[in-house]
Amino acid sequence: FDHLRYPGVVPRTFTGPLILAYISYFISWIASPIGTLSPLQIQFLARLVLLTFSWHAWFRLARALDQKTRDVQIGSYLLIISACQFHIPYYA
């Protein structure tokens, strides 16, 4: 029913990609004395930064779940199940 409520393009924010671009640019600027980076290397760098953010978020979520349920380590199970699936690494 989203197509009835939002008949056009789904509104999205640009702050996430902007932060990712700034961090990637800063790292490539630091690496510039070593040599210029090719566009493929810059894309790899941006995906590496995105992977770091994703891992950080997943580990924080797992730690919060472990603290919420002290008897059973649900966060560890979440990380194991997520590692077995391809969706999270594929889309991140």
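Q: Which exposed residues does the face of H2 turned away from its buried side carry?
A: In this predicted model, that face of H2 carries Tyr-22, Tyr-25 and Trp-29. Each is called exposed because its relative accessible area is over 50%.

Q: Which residues of H2 are buried, and what makes a residue count as buried?
A: Leu-20, Ser-24 and Ser-28 are the buried residues of H2. Seen down the helix axis, these buried residues fall within an arc of 65 degrees, so they line one face of H2. The term buried requires a relative accessible area under 20%.

Q: How do you know that the span of H2 agrees with its number of residues?
A: H2 has 16 residues, and at 1.5 Å a residue it should span 22 Å. The end C-alpha atoms of H2 are 23 Å apart, which agrees with that expectation.

Q: Why is Pro-17 called exposed?
A: The relative accessible area of Pro-17 is 52%. The term exposed applies over 50%, and therefore Pro-17, at 52%, qualifies. Pro-17 is placed in helix H2, and its C-alpha atom is separated by 9.7 Å from that of Ala-46, 29 residues apart along the chain.

Q: Why does Leu-48 count as partly exposed?
A: Partly exposed covers values between the buried limit of 20% and the exposed limit of 50%. Leu-48 has 41% relative accessibility and therefore counts as partly exposed. Leu-48 lies in helix H3, residues 39-68.

Q: What makes Trp-58 and Phe-59 partly exposed?
A: Trp-58 has a relative accessible area of 23%, and Phe-59 has 48% relative accessibility. Both values fall between 20% and 50%, so both residues are partly exposed. Leu-79 is 7.5 Å from Trp-58, C-alpha to C-alpha, and 21 residues apart along the chain. Phe-59 and Leu-79 are 7.8 Å apart in space and 20 residues apart in sequence.

Q: What makes Tyr-25, Phe-26, Ile-27, Trp-29 and Ile-30 a nonpolar patch?
A: Nonpolar side chains are joined into a patch within 5 Å, provided that each residue has over 30% relative accessible area and no salt bridge; these five names are therefore grouped as one patch on the surface. Together they have about 580 Å² of accessible area. Ile-30 lies in helix H2, residues 15-30.

Q: What is the pattern of the chain along its sequence?
A: The chain follows the pattern α-α-α-α-α, with five helices and zero strands.

Q: Where in the chain is confidence lowest, and where is it highest?
A: Confidence is lowest in helix H1, residues 2-5, with a mean of 63, and highest in H2, at 91. The chain averages a pLDDT of 83, and 83% of the residues score at least 70. Where pLDDT is low, the predicted coordinates should not be read in detail.

Definitions and conventions. Residues are numbered from 1 along each chain as its sequence is written. This is a predicted model: local features need pLDDT of at least 70, side-chain atom pairs count only at pLDDT 80 or more; totals for chains, interfaces and linings use all residues. Side-chain values use heavy atoms; hydrogens and water are left out. Patches are made of residues with over 30% relative accessible area and no salt bridge: like charges are joined within 9 Å, nonpolar side chains (Val, Leu, Ile, Met, Phe, Trp, Tyr) within 5 Å. Accessible areas come from the Shrake-Rupley method with a 1.4 Å probe; for residues, only the protein chains shown count as cover. A salt bridge is a side-chain nitrogen of Lys or Arg within 4 Å of a carboxyl oxygen of Asp or Glu. Helices (H or I, at least four residues) and strands (E, at least two) are DSSP runs, numbered from the N terminus. pLDDT is the predictor's confidence in each residue, from 0 to 100. The expected span of a helix is 1.5 Å times one less than its number of residues. Buried means under 20% relative accessible area, exposed over 50%, partly exposed in between (1.4 Å probe, protein chains only). The arc is that of the directions from the helix axis to the C-beta atoms.
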